[in-house]
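Trainee: I am new to this entry and would like to go through it step by step. Could we look at it together before I ask about the details?

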Amino acid sequence: MDIAEIDKLPEAERFSKRVILKVSEIINVEQHPGGSFLYILTLNTGDAEPRQIVSSIVEFYKPEELLHKHIVLVYNLKPANFRGVRSNGMLLAASDPTVKDKETCEVIFAPQFEVGTILEPEGFNPPEEELCYIKPDHFFDMKLYTKDGFVELAGKKICAAGTPLTVEIYKNGEVG
């Protein structure tokens, strides 16, 4: 099935064929030298080598609040450079839909999952083969959100082995 055919599928199925959400542990947090609002996070994804992402969460979290936490990584997001530092993925965070301009942020922590766990919409299995990169705009076309404390997409909870991904603060909001 090619990308054009996949893009015609219902949203949850399309998501399962295009996106890899992987539970990862933050093993190092450092301030980005060129951005006062950016952290460079080093992650254990369960792979042989650590992975690095850049995230604009400085105003919401201190390094010690992030270190050794399990997060949800958009594992196959196309890499990008942020002020000269390469980011290989993006963490998921929830926000308050009533507040504009990204003034709220809840990193979606996933302590209920082991590092390396792949999360999917309920009813779908993790991909059996490596998926190609997904561009950010294609990822954001598929709307993740929180409903009653659960992370969902198209009415299906995001989960692994029947255990759902949850949030603590923004129980009904947007995810990005």
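Trainee: How many helices and strands does the chain have, and what is its radius of gyration?

Mentor: Please keep in mind that this is a predicted model. The secondary structure comes to four helices and 15 strands. The globule rule gives 16 Å for 176 residues and the chain comes close to that value, so it is as compact as a globular protein of that length, with a radius of gyration of 15 Å.

Trainee: What percentage of the contacts between residues at least 6 apart in sequence join residues at least 24 apart?

Mentor: As background, the C-alpha atoms fill a box of roughly 40 × 35 × 30 Å along the principal axes, and buried residues make up 47% of the 176 residues. Among contacts between residues at least 6 apart in sequence, the share that joins residues at least 24 apart is 64%.

Trainee: Which residue forms a salt bridge with Asp 47, and how many residues apart in sequence are the parts that the pair ties together?

Mentor: The count comes to one salt bridge, and in it Asp 47 pairs with Lys 22, the closest N and O atoms being 2.9 Å apart. Asp 47 lies in the loop between strand S2 and strand S3 while Lys 22 lies in strand S1, so the pair ties together parts that are 25 residues apart in sequence.

Trainee: Which element gives the most residues to the lining of the second largest pocket?

Mentor: About 310 Å³ of space lies in the second largest pocket, and its lining has 14 residues, with Ser 16, Lys 17, Pro 127, Glu 129 and Leu 131 lying nearest its centre. The elements that give two or more residues to this lining are helix H1 and helix H2. With three residues, the element that gives the most is H2.

Trainee: Which residues is Ile 27 in contact with, leaving aside its neighbours within four places in sequence?

Mentor: Ile 27 has its place in strand S1 and counts as partly exposed at 33% relative accessibility. Leaving aside the neighbours within four places in sequence, the residues in contact with Ile 27 are Thr 42, Leu 43, Asn 44, Pro 50 and Leu 67.

Trainee: What separates the C-alpha atoms of Ile 169 and Ser 95?

Mentor: Ile 169 is found in the loop between strand S14 and strand S15, and at 55% relative accessibility Ile 169 counts as exposed. Ile 169 and Ser 95 are 74 residues apart along the chain, and the separation of their C-alpha atoms is 8.6 Å.

Trainee: What is the phi of Asp 148, and where is Asp 148 found?

Mentor: Asp 148 is exposed, with a relative accessible area of 56%. Asp 148 is found in the loop between strand S11 and strand S12, and its phi, a positive value in a residue other than glycine, is near 55 degrees.

How values were computed
Residues are numbered from 1 along each chain as its sequence is written. This is a predicted model: local features need pLDDT of at least 70, side-chain atom pairs count only at pLDDT 80 or more; totals for chains, interfaces and linings use all residues. Side-chain values use heavy atoms; hydrogens and water are left out. A salt bridge is a side-chain nitrogen of Lys or Arg within 4 Å of a carboxyl oxygen of Asp or Glu. On a 1 Å grid over the protein atoms alone, a cavity is a set of points where a 1.4 Å probe fits but cannot get out, and a pocket is an open set with protein on both sides within 12 Å along at least five of seven lines; lining residues have an atom within 4 Å of a point. Grid points are joined across faces, edges and corners, and a volume is the space filled by probe spheres set on the points. The radius of gyration is taken over C-alpha atoms; the globule rule is 2.2 Å times the number of residues to the power 0.38. Buried means under 20% relative accessible area, exposed over 50%, partly exposed in between (1.4 Å probe, protein chains only). Contact means heavy atoms within 4.5 Å.
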